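Let me put the structure up, and then I'll walk you through a sheet, some cavities and a ligand site.

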Amino acid sequence: MKNKKIEEVKVLIDKDKNAVVDLKGLNELKVKYLGKKGLISELNQEIRNIPNEEKKEFGQKVNEVRTLFNEYYDEKKKEFESVLLNEKLKKEAIDISLPATKVVSGAPNILEKLVEEVEEVFMSMGYDVVDGPEIEEDKYNFEMLNIPKGHPARDAQDTFYLEGEEILLRSQTSPVQVRTMLKGKGEIPIRVICPGKTYRRDDDDATHSHQFMQIEGLLVDKNISLSDLKGTIDVLAKKLFGPETETRFHPSYYQFTEPSVEGDISCFHCHGSGCHICKNTGWITVVGAGIVHPNVLRMSGYDPEKWSGFAFGFGADRLTMLKYGIDDCRVLYNTDLREVTTFDRKEMEWND
Ligand code: DAH
């Protein structure tokens, strides 16, 4: 009688198992059989009413049914879970053949990049990077650089005056030399470079701009000679244009240096055989420089009998144009991203 009940539960399990269609239904079955009032739990309670000698056998049978149900349960559970997983994977599948959204990334402005490169070279030689005002006094821009009022050397720098004859937009970064020495109060050594914007009344074209960038340098110490200057320019030239680059000086004239030179680098493009970049000379002029004029030292509080120094001024725009092969300086100040980002990237990517 009791055994019959066990058999009935077995049959029922089989039937239910074939009818169940999802995890929810399966969990309901679990309650139906193993819950507090479940069929198997009820069988278990029957043990109380069974004569002692049959208890063991009955108990074993009930256990068999429980094991049977658990096996069915695990098997079905696995089956349903794998169906769910497959559905989920299908839903979340990524079509890798679809074209991706192109991302336009920024690139550093090449003029800024060049200035940073120059700064690093000089910082590695112990120089400080300093700043000066773009709105400058005539006194610093000209007079204390040994260019008195009315001197013809002023004509070469067609200057923007802002207020009368005293306040101007600096036409060169050289006034920072004066400001640095005044601040230095006679202390040595002075080793500074000053990259900065400069202004002249030029009509803008491929090679002229009313605003451009210079990198000024000044060193004041004991027994400074032209060969110190040449060695210094040479370090930068090799760094910017390659280790095989050579440097030479030819005489020039600036009011604030004596002697004055212009520094050339050997042509990185044709290596001397002649090309359009070096105008078939094999050399490219990149810097104005010289030994600081005694008058300039004296006016700024440095005794020229004791101290000497060199100074130089690079055109940062020109260096950048040479380095990146640009023949129109307006490109450097262009705001069209399609143009200004190309130098840094082999391939131009944009989202038109
Ligand atoms: N200031 C000069 C110019 O704008 C460039 C220059 C020449 C700077 C010689 C110097 C120097 O420091 O020593 O043309």
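Predicted model: local features only at pLDDT ≥ 70, side-chain atom pairs only at ≥ 80, totals over all residues.

**The sheet, the cavities and the ligand**

So, start with E163, which stands opposite I167 in β4. Residues are numbered from 1 along each chain as its sequence is written, and side-chain values use heavy atoms, with hydrogens and water left out.

Back to that pair. β3 and β4, residues 167–169, pair in the antiparallel sense over 2 bridges. For us, strands are DSSP runs of E, at least two residues, and helices are runs of H or I, at least four, numbered from the N terminus; two strands pair if DSSP finds at least two bridges between them.

Zooming out, the open sheet has 3 strands in the order β2-β4-β3, with antiparallel pairing. β2 (135–137) and β3 (161–163) are at the edges with a single partner strand each, so one side of each has no neighbour in the sheet.

Now the cavities. How many of 30 Å³ or more does the structure hold? There are 4. A cavity here is a set of points, on a 1 Å grid over the protein atoms alone, where a 1.4 Å probe fits but cannot get out, and lining residues have an atom within 4 Å of a point. Grid points are joined across faces, edges and corners, and the volume is the space filled by probe spheres set on the points.

The largest cavity comes to about 50 Å³. Its lining is I13, K17, L26, L29, F69, Y72, Y73 and K76, and α4 gives the most, with 4 residues. α1 (2–19), α2 (23–34) and α4 (52–92) each supply at least two.

The second largest cavity is about 40 Å³, and helix α8, residues 226–241, gives the most to its lining, with 5 residues.

Last stop, the ligand. 16 residues surround the ligand, the closest being Q172, Q177, R200, Q214 and E216; the cut-off is a heavy atom within 4 Å. Q172 has a side-chain N or O atom 2.7 Å from a nitrogen atom of the ligand. On the backbone side, a polar atom of A311 is 3.1 Å from a ligand oxygen, and a backbone N or O atom of F312 lies 3.2 Å from an oxygen atom of the ligand.

That's my tour, thanks!

Key. 1 Å grid on protein atoms, 1.4 Å probe; cavity = no way out; pocket = protein on both sides within 12 Å on 5 of 7 lines; lining within 4 Å. Polar contact = N/O pair within 3.5 Å; in protein donor to acceptor, adjacent residues only side chain to side chain.
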